[in-house]
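Hi there,

Here is the structure I promised to hand over. Please have a look at it first, and then read my notes below.

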Amino acid sequence: WRYCDLCSVYQPPDAVHCPECNVCVEGYDHHCPWMGTCIGKKNFTSFMVFNLTWLFYLLYAIIWVTLFGNSFYGTGAMIEDSGSSGDE
């Protein structure tokens, strides 16, 4: 164990001090701006669930737009200007 001067505590061997959270995190992986916390040993499973959730949502949105987008937003054809005949 080593002493952290910033936290004034003894760190476990695999702990690192996070400068953004100002805490020592055991099993520190990185600081996640989307979750707003450090990812470490105790919340790595929550981080993976978070990532899988938004990936499934992204896949759902892509499939939904691909299959049903045209029925809600038209056929995708350009709207022609009725003022010009195009025979010029």
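Not counting residues up to four places away in sequence, which residues does C7 touch? C7 touches H17, N22, V23 and C24, where a contact means heavy atoms within 4.5 Å.

Before the rest, a word on the source. This is a predicted model, in which local features need pLDDT of at least 70 and side-chain atom pairs count only at pLDDT 80 or more, while totals for chains, interfaces and linings use all residues. Residues are numbered from 1 along each chain as its sequence is written, and side-chain values use heavy atoms, with hydrogens and water left out.

**The whole chain**

The protein chain has one helix and six strands, and from the N terminus on they run β-β-β-β-β-β-α. Both kinds of element are DSSP runs, numbered from the N terminus: helices are H or I with at least four residues, and strands are E with at least two. Of the 88 residues, 18% count as buried. Buried means under 20% relative accessible area, exposed means over 50%, and partly exposed lies in between (1.4 Å probe, protein chains only). Among contacts with a separation of 6 or more, residues 24 or more positions apart account for 0%.

C7 sits in the loop between β1 and β2 and is partly exposed because its relative accessibility is 23%. Its C-alpha atom is separated by 7.0 Å from that of C24, 17 residues apart along the chain.

H17 belongs to strand β3, residues 15-18. Is H17 buried or exposed? H17 counts as buried, because its relative accessibility is 15%. Leaving aside neighbours within four places in sequence, H17 is in contact with C4, L6, C7, Q11, N22, V23 and C24. The side chains of H17 and N22 are also joined by a polar contact of 3.1 Å. (A polar contact is a pair of N or O atoms within 3.5 Å; within protein, one must be able to donate a hydrogen and the other to accept it, and residues adjacent in sequence count only if both atoms are side-chain atoms.)

**Two loop residues to look at**

Most residues other than glycine have a negative phi. N22, in the loop between β3 and β4 (23-26), has a positive phi near 60 degrees. S8, in the loop between β1 (2-4) and β2 (9-11), also has a positive phi near 60 degrees. N22 is partly exposed at 49% relative accessibility, and S8 is partly exposed at 48%.

Enjoy exploring!
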